[in-house]
Amino acid sequence: MKTRRDFLTQAPLGVLGAVVAGRAVAQNGAAPAQSAPPPGSPGAFNTAPPVGPKLTVDTFAEAEKLVQVTMTEAQRQMAVANWSTSMAALVERRTGPRKVALEEGLAPATTWFPAMGRAHVGPAQNRFAPVGLPAAPLPAKDEDIAFASVAQLGAWLRARKLTSTRLTKIYLDRIKRFDPQLRCVITLCETHALAQAAQADKEIAAGRYRGPLHGIPWGAKDLLDTAGIATTYGAEPFRNRVPKEDAAVVRRLDEAGAVLVAKLSLGALALNDIWFGGQTMNPWLLQEGASGSSAGPAAATAAGLVAFAIGSETQGSIISPCMRCGTTGLRPTYGRVPRTGAMTLCWTMDKLGPIARSVEDTLLVLHAIGGPDAGDTASVPAHLDYEATAPIKGLKVGYFPDWMKQAPATGLDRAALDQLRALGLVPTEVSLPDWPYDDLNVLLFAESAAAFEELTLSGEADRMREQTPDAWPNLFRESRFLSAVDFVQADRLRRKVAIEMARVMGEVDLLLVPSLRDEMMVISNMTGHPSLTLRTGFVDVDQVRSDWAPNPAHPRPKLSRPHRVPYGVTLVGRLFEEGTLARVGRALEAKAGVVGERPPGF
């Protein structure tokens, strides 16, 4: 079976099309003199002033190889004769004479709405009823405090058994101690954090408690803008970038009283786990990367350097590092959490979500950051219905029988299905058509290349550390030759896939899938369905794992002995039904009984 990684490495020159206008538009001398048309004549194609360099029939003959179409010699001659006038506007926007700048925050006119025009998608009511932990006795060791859940930390803070200042100093000290091993922090926000913590303590002491995140230290993936604090995207060309305003999610967490202690690493421009400061490492196995692109949020949370973090996912960037680092990641429904002030990679796929050490903690964070914002045209109002103790017996959990038998599934995936059956859920076989889902990546490649067009055309992308075939600089360059027709056809396929996914989700309440199954990674990110990834056990590995395509010249190192590392499964929910995911996830988390184990040495 062709994997997603194979596609990323091999596909761009094989299936990406040829909008040759971006690089070479013909100019074949001065246009012949034309008399003025009679009054009332309509406009016509192929009448614009000629623009661009000279083309030949050989230009089109070579371009045909990219898209696997064939023109006759006469058709090529016709294209050479009129390309400079019929397609001139395609290049004028970026080369002039009427050049138009497209601002960083400007979204395309076309927006993806997962509900596809259907009304009443998601819960009919707002209800938020977490478990509500009592303030247990405060541990004597700072380490035990650091690894406590957000819910427990909040209970201690509210009962004034713990101050935000003390808690913040615990995490700051742990960052200074362990970050040299993990390389998960890009910017330490010590002064900012201590000021926020002091303010939280003052408010809590005065009885002005803002809620379960008040005084809780957190970390932001360094693609969320923070006013006056560098936001670098993990990439060399942006390492000195300092925003003037906070991202919407940062602002909402400020309003909830949370304390920002660090800007956390991400693979450069949100791909994998290598940034300009090096590779972020997995706390459970320091010989390998933390996976990406939310590498820093997952590693820092797993190692007890923050109470929770905000990550992002376009296609696997919450799921994969949570699998690797043993954390819990909630990828919300596309549109639930606004991305205003967050780096854009793909307008119709980017999502922001919480990474924590337990399921309920992710809901506490989601409750604070959800809701529409005027700066994000795709954000929508949506109810959040979460009653932690509501029954789950009788819910239908869908699964794909063949996927559960094949790699990357393991015995832990099959065990999780048995555990859900024991909890009273009804396992239900489902299926999807055997379609080439990786073809949808044309949309990801095109949107990301558009988002970073100036970086590519200016040559600044050449400064980035990773220049491998499956790294962004090469993919951005190759994507200049995508066919616009293939893009539209992929967009139509996306709707067809979304219709199939709606059918499947109409048969069940949620899905259980192997977390790293390529098809579902692509499908659910394209359709916008929410997912919850949680640790359910451990597996042994004897080789370092990597997000990058295999390179025979640099094989992945073998380990001297098998190493025990976390493993998790992923639940995929109906649109805007994160509450159901969390209720089932909490029960599965308790049944598995492994959430409390910590990475050795931290």
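## Salt bridges, cores and cavities in a predicted model

At 53% relative accessibility, Glu104 counts as exposed, because exposed means over 50% relative accessible area, buried under 20% and partly exposed in between, with a 1.4 Å probe and protein chains only. This is a predicted model, where local features need pLDDT of at least 70 and side-chain atom pairs count only at pLDDT 80 or more, while totals for chains, interfaces and linings use all residues. Residues are numbered from 1 along each chain as its sequence is written, and side-chain values use heavy atoms, leaving out hydrogens and water.

Let us start with charged partners. The structure holds 30 salt bridges; a salt bridge is a side-chain nitrogen of Lys or Arg within 4 Å of a carboxyl oxygen of Asp or Glu. Here are some of them:

| Pair | Closest N to O distance |
|---|---|
| Asp225 and Arg241 | 2.9 Å |
| Glu578 and Arg336 | 2.9 Å |

Where do Glu578 and Arg336 lie? Glu578 is in helix 20 (residues 578-592) and Arg336 in the loop between strand 10 (328-331) and strand 11 (351-356), so their bridge ties together parts that are 242 residues apart in sequence. Helices (H or I, at least four residues) and strands (E, at least two) are DSSP runs, numbered from the N terminus. Both Glu578 and Arg336 are buried. Asp225 also counts as buried, at 12% relative accessibility.

Now for the nonpolar side. A nonpolar core is a set of buried Ala, Val, Leu, Ile, Met, Phe, Trp, Tyr and Cys residues joined through side-chain atoms within 4.5 Å. The largest nonpolar core has 116 residues, and Phe308 is one of those that touch the most other members. Leaving aside neighbours within four places in sequence, Phe308 is in contact (heavy atoms within 4.5 Å) with residues including Val150, Leu213 and Trp218.

On a 1 Å grid over the protein atoms alone, a cavity is a set of points where a 1.4 Å probe fits but cannot get out, and lining residues have an atom within 4 Å of a point. The largest cavity holds about 100 Å³ of space, a volume being the space filled by probe spheres set on the points. Of the 14 residues that line the largest cavity, Ala268, Ile274, Met464, Glu466 and Trp548 lie nearest its centre.

How values were computed:
1 Å grid on protein atoms, 1.4 Å probe; cavity = no way out; pocket = protein on both sides within 12 Å on 5 of 7 lines; lining within 4 Å.
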